[in-house]
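Subject: A structure for you to look at

Hello,

I am passing on a structure for you to look through. Please open it alongside this email, and then read on for what turned up.

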Amino acid sequence: ISMAEVLVSGPFSRFPGVDVLLVPEMKSTGETMGIDTSFAAAFGKGFIGSGSTLPKKGTAFVSVRDRDKAGAAEIAQQLLSVGFKVVCTRGTGEHLQSLGIAVEIVNKVHEGRPHIVDMMKDGNIQLVFNTTDGAQAIADSASIRKTALFGKIPYATTMAGSKAMAQAITARINTAGGFGVAPLQSYFTKKAGKKDAA
C-alpha cells in the first residue's frame, strides 16, 4: 500500500455565520496533513489534526442528490457494518431501503417536526453527509450545515469527502488502539525498501 498524504480544510468556526459549503476561495483555508500506509488512516489523521473529531459510534445522517445515491449506498453499508445507525431524508432513505439497506427516514426541516435539525440540536446525530444540487437545495440545507458547524458535528458536503470520512472511521474502529504514530523517516525507509526489493 502506498503512503497517502491528505489535506483537510480547516476550521470554519473562525468565520462566524459563514456557510460551510466549500467554494473554491475557501478550499485553501487552514490545511493539515496526515501520513500513514493507507489512505483511510492518513485522511483520518489529517481530519483529527484539523481540530475535528471522528466518531466511533452513534448515528449518521445521509442525504444526497440523485446522482450520488449509488455512492450513498456504499457509505451507508460501511457505517452500518461498524455499528452506526443511519438516518436519511425521504428520497435518499427510500432509495437505500429499496436496496435492502436498513436506514430510517427523518423529515427535512420544511416537512415539519421532528426534523433533522432537531435531532442534531438534541445531540442525536454524530455525523453528517449532505450533497446538494441547485440554488434552492443549497439554501434549504443551510440550516443543516450551520447546525453541524456550531454543534461541532463532523460533516462532508461532497461524495469524495463522505467516502473518505467513512473509510477513515472504519479504519479507526478496526485498528486496535486507534491510529498509530511513527517517525516520518520510517515511512520513507519502508518505501525505499520496497523499491530496492523490486
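A residue counts as buried when its relative accessible area is under 20%, as exposed when that value is over 50%, and as partly exposed in between. Please keep in mind that this is a predicted model.

Let's start with the aromatic rings. A pair of them is described by the distance of the centres and the angle of the planes. The structure has two aromatic pairs. One joins F39 and F43, with 6.0 Å from centre to centre and 35° between the planes, which makes this pair tilted. Both residues sit in helix α1 (residues 39-49), and because they are four residues apart there, about one helical turn separates them.

How accessible are these two residues? F39 has 39% relative accessibility, so it is partly exposed, while F43 has 10% and is therefore buried.

F43 also pairs with F47: the ring centres are 6.1 Å apart and the planes meet at 20°, so this pair is stacked. The cut-off that matters here is that planes under 30 degrees apart count as stacked. F43 and F47 are four residues apart in helix α1, so about one helical turn lies between them. F47 is buried, because its relative accessibility is 7%.

Put together, the ring pairs link F39, F43 and F47 into a cluster.

Happy exploring!

Definitions and conventions
Residues are numbered from 1 along each chain as its sequence is written. This is a predicted model: local features need pLDDT of at least 70, side-chain atom pairs count only at pLDDT 80 or more; totals for chains, interfaces and linings use all residues. Side-chain values use heavy atoms; hydrogens and water are left out. Rings of Phe, Tyr and Trp (its six-membered ring) pair if their centres lie within 6.5 Å; planes under 30 degrees apart count as stacked, over 60 as edge-to-face and the rest as tilted. Helices (H or I, at least four residues) and strands (E, at least two) are DSSP runs, numbered from the N terminus. Buried means under 20% relative accessible area, exposed over 50%, partly exposed in between (1.4 Å probe, protein chains only).
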